[in-house]
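Subject: Structure handover and findings

Hello,

Here is the structure for you to look through. My notes on it follow below.

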Amino acid sequence: MPEQLSIEGISPFGAPVSEEFSLENGVARWKGSDEHGSAKTSEAQFYIPKNSTLAVQTQLVKALIADADQNIDLLPQGKARLHKLDKVTLQQGEKKKTVHLYGVSGLGFTPDLAWYDDNGDLFASDEGVVRHPAQRLG
């Protein structure tokens with residue numbers, strides 16, 4: 001679970017983005033342009049920034065894969081759950097790569113769907129292919 005996170009930039013709609021998260025001595029703190037808060041935590045919780053990224057999504061999936069019941073409490077609130085939906089082995093010549101389709105529920109009205117490799121690294125998302133499959137096989 002990330003203990004520190006900083007996101008700076010411009011949103012897809014042109015608004016400035018500035019978010020910070022830290023977890024220190026059992027106290028989680030977050031601050032953004034339109035929200036802030038803190039919470040004492042003694043168990044594993046994952047912070048979801050308002051303006052999230054594919055990197056944050058990948059870290060969440062890795063944490064969910066590692067979790068015994070594949071459920072994680074979220075900060076500032078909520079619970080995420082991993083759904084294993086499909087598995088496919090891709091082949092190009094002698095190269096093979098197995099990818100898994102996971103759905104993550106609890107972040108919105110519908111699950112976030114994406115393909116991940118055996119290490120939990122993002123392979124492709126429903127927003128488009130991250131890399132061409134031939135590039136990821138090697």
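Two strands count as paired if DSSP finds at least two bridges between them. Strands (E, at least two residues) and helices (H or I, at least four) are DSSP runs, numbered from the N terminus.

Some ground rules next. This is a predicted model, so to speak of local features I need pLDDT of at least 70, and side-chain atom pairs count only at pLDDT 80 or more, while totals for chains, interfaces and linings use all residues. Residues are numbered from 1 along each chain as its sequence is written, and side-chain values use heavy atoms, with hydrogens and water left out.

Strands

β2 (residues 16-24) and β3 (residues 27-31) run antiparallel and are joined by five bridges. S22 has R29 in β3 as its bridge partner. The hairpin of β2 and β3 has two residues between the strands, and N25 there takes a positive phi near 50 degrees.

β3 also pairs with β4 (residues 36-40), again antiparallel, over five bridges. A28 stands opposite A39 in β4.

Cores

A nonpolar core here is a set of buried Ala, Val, Leu, Ile, Met, Phe, Trp, Tyr and Cys residues joined through side-chain atoms within 4.5 Å. Buried means under 20% relative accessible area, exposed over 50%, and partly exposed in between (1.4 Å probe, protein chains only).

The largest such core has 16 residues, and F46, L60, L64 and V104 have the most contacts inside it. At least two of its residues come from each of α1 (54-66), β6 (71-75), β7 (79-92), β8 (95-105) and β9 (112-117). α1 gives the largest share, five residues. In soluble globular proteins, nonpolar side chains tend to be buried together.

Take L60. Contact means heavy atoms within 4.5 Å. Not counting residues up to four places away in sequence, L60 touches F46, I48, L74, A80, V104 and L107. Another core, of five residues, lies apart from the largest one; A28, W30, Y47 and L75 are among its members.

Salt bridges

The rule: a side-chain nitrogen of Lys or Arg within 4 Å of a carboxyl oxygen of Asp or Glu. The count comes to three.

- D34 with K50: the closest N and O atoms are 2.2 Å apart. D34 is in the loop between β3 and β4, K50 in the loop between β5 and α1, 16 residues apart, so distant parts of the chain are linked. K50 counts as exposed, at 54% relative accessibility.
- K62 with D121: the closest N and O atoms are 2.7 Å apart. K62 lies in helix α1 and D121 in the loop between β9 and β10 (122-125), so the pair ties together parts that are 59 residues apart in sequence. K62 is partly exposed at 29%, and D121 is partly exposed at 26%.
- D73 with K79: the closest N and O atoms are 3.0 Å apart. K79 counts as partly exposed at 44% relative accessibility.

A loop residue

N51 sits in the loop between β5 (45-47) and α1. Its relative accessible area is 28%, so N51 is partly exposed. Which residues is N51 in contact with, leaving aside neighbours within four places in sequence? They are I7, S11, V17 and E19. N51 and S11 are 40 residues apart in sequence, yet 7.5 Å apart in space, C-alpha to C-alpha.

Best wishes
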